[in-house]
Amino acid sequence: MRFDLTDDQRAVRDAIDELCRTRYSSVSARGYGCGEDDGSALWHELVASGWTGVAVSEEHGGQGLGTVELTLVCEGLGRALAPATFFGNAAAAMLVAAAGDEAQQKRWLRGFASGEARGALGSLQADGSALAYDAEGAAALVLVAPGRAAIAAADACTFEKTDGVDITRRLTRVRLGAVDDLRGDVDAAVDRVEVALSAELVGVANRAMDLAVEHARTRQQFGQPIGVHQAVSHRCADMLLDVESARSAVLCAAWTADNHPQALPFAASVAKVAAAQSAWRTTTGSLQVHGGIGFTWEHDCHLLLRRAVASGHLLGSAEWHLDRVAAQRGLGPAAA
Amino acid sequence: MDLSLTPAELAFRDELREWLVAHHPGPDPADTEGSIDHRLGWQRTLFDAGYSGISWPREHGGRGATLMEQAIFNEELVRARAPSPANVIGLVMGGPVIITHGTDDQRARFLAPILSGEEIWCQGFSEPNAGSDLAALTTQAVRDDNGWRINGQKVWTSFAHRATWCMLLAKTGGGDRHRNLTFFICNMKQPGVEVRPLRQATGDSEFNEIFFNDARVPDENVVGAVGDGWKVAITTLMFERAGLSAASALAIQLKLDELAELIRARGRQHDVTLSRRLSALVVATETMRLNGYRGLSRVIEHGVPGPEGSLAKIQWADINQRIGELAMDVLGGEALVTDPVWTRWMLRARANSIEGGTSEIQRNILAERVLNLPRMR
């Protein structure tokens, strides 16, 4: 057993970090959310480097790497608060690859892999509409609801901008045209998407922790850095515990998705619960460590916090996953 | 990254599993002394089969297996509900310290009886006025013509009443408190050493106080150089934390199975509050297990345990305490009556965030040594 990235996997992580550092600052994230920046610089780099097809099979035009590699890309993009264009497209590809039939795979996967006909992820609402991130400009929407997934061509849908909590992404309400159900194992496919989403949350949590630690080292009060106080430093230590626990859980779930799929429901639930809790606690904790400056509009703390809340409640919430874990032990509302 | 066992690891595990079925020693007696006797016999059985000192080098009498195989061994013992060997302090700390810092003579003298369980070891670090601030200890070692004379008091010492040897940290000079300590191997069976049991909050006596009154230690029982005791002791503390968390996590999962059973037995399986508290613990325990294996992979790559061991230590204490609280809430009104399993668990877990370095000290370590936050004054 070796629970550690390979050199190739480290290279993936480093390449994404470098790309984000040079191409996507939090100024970009703000600009993208409010429509001042179209986010295309980062997207085109991701397309040009082939990252859009990282986990799509070579048969369908992708790189055929694993879910571990995909989560490393997602973590880096989460850290940078990147738009959902990459994540939504990767989610669409995973759903069609895992639950679509041959015709659906043939029609869509190649475009998702190359990034030329991008997919977006939406969640079906009770009223028959869907909520989706960064859907404008996509070729197709893959829609999920408990136990169901479907795909819709974007040109048959209408989009209406909606006020999202996460202001680094563009939330739209989608009026759907014709939808085409994915009839394979939807639950397993959604679990894979949860793992990618959890990886983004690990990136968010890690960034929030880094900002808090930096502030605790440099901010002077009473003539010394505030990080000398245990009320502050222990809060940071707890962030480390949360971040590393979530990272371990996400890496394990990603590996499990490719190598031990029958164990994926448990591993994916552990990953989502750990990542959602980690992101919430580190982003709120980071805002607190920053004090007043952390509560200003100009500081990034609230961008991270908003992302943590919104992504934490996208797909299955922590409560939903805790109930699934409990049910595996014969407990909870779903128990016999 | 590969979370499956290698063919060699798999072969090691399967052979061990089969062996455990044939040689399982039966359940651990409930009383502390009976349990030590039982586990001593068990250690001898393990030793005779080549399962003592799994990751110790062959030249020092160990099995020469990898740290990963050591972790697999620890997990399999838990899975089979077999006890851990009695001389755990010697196996996890004493032996590795002598292998790392000891002389050839010390290795020849001390290692074999640690492995067989013939000589039990204990650890004399903490004192009444030196707990978290270990370097503030006051036990004195004074050099004279016949070696060293020891005076002072140690506390919270497991196995002291059964031990032959004590890893003793004592003051040997003035000045910098991290440079005036020396690490001794002190014979416990001598007139100058008095052991008194310490009764703890659970009512049990797992620990002791040791009083040193002109106890003697010969020169050849100094480990490392005189004045280097702090450095040597830190190694033992690192070894204490490394490599045990995966097996501890498995033990907790088994306990959580019992707690789930208790919830069902009380007819409260549909109670969402209880079920979510339980599944949150299942999730936390799984991340602790994974952190343990990730940490272990790092140790294997970098050679030494790192401060990351503090992560698992904090998680372990927190999870055990939450299990105790949840069990009391499941018992409800029955929590007034002493329950042989859960009352003891609830009380005993309160020590988990104190023993082996308090959770606050662990957070200091993470803050200062991993996050590079400024050191507390």
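In chain A, helix α1 (residues 7-23) and helix α4 (residues 67-79) have axes that come within 9 Å and cross at roughly 25°. Therefore α1(A) is roughly parallel to α4(A), a label for angles under 35 degrees. Their crossing is right-handed. From α1(A), residues including Val12(A), Ile16(A) and Cys20(A) take part in the contact, and from α4(A), residues including Val68(A), Leu72(A) and Leu77(A). By class, this contact has seven nonpolar, two polar and four charged residues.

This is a predicted model, in which local features need pLDDT of at least 70 and side-chain atom pairs count only at pLDDT 80 or more, while totals for chains, interfaces and linings use all residues. Residues are numbered from 1 along each chain as its sequence is written, and chains are lettered from A and ligands numbered from 1 in the order in which they are written.

Now to another pair: helix α7 (residues 186-218) of chain A packs with helix α10 (residues 301-312) of chain A. Their angle makes α7(A) roughly antiparallel to α10(A) (over 145 degrees). Here the crossing is left-handed. Leu197(A), Leu201(A) and Val204(A) are among the α7(A) residues in this contact, with Leu304(A) and Ala308(A) among those of α10(A); two residues count as in contact if their C-beta atoms, placed from the backbone, lie within 7 Å.

| Helix pair | Axes | Angle |
|---|---|---|
| α1(A) and α4(A) | within 9 Å | roughly 25° |
| α7(A) and α10(A) | 10 Å apart | about 155° |

Technical notes:
Axes fitted to C-alpha atoms, helices over the stretch in contact; angles between N-to-C directions. Helix = DSSP H or I, 4+ residues; strand = E, 2+ residues; numbered from the N terminus. Parallel < 35°, antiparallel > 145°, perpendicular 65-115°, else oblique. Left-handed = near helix turned anticlockwise from the far one by under 90°. Nonpolar A, V, L, I, M, F, W, Y, C, P; charged D, E, K, R; others polar.
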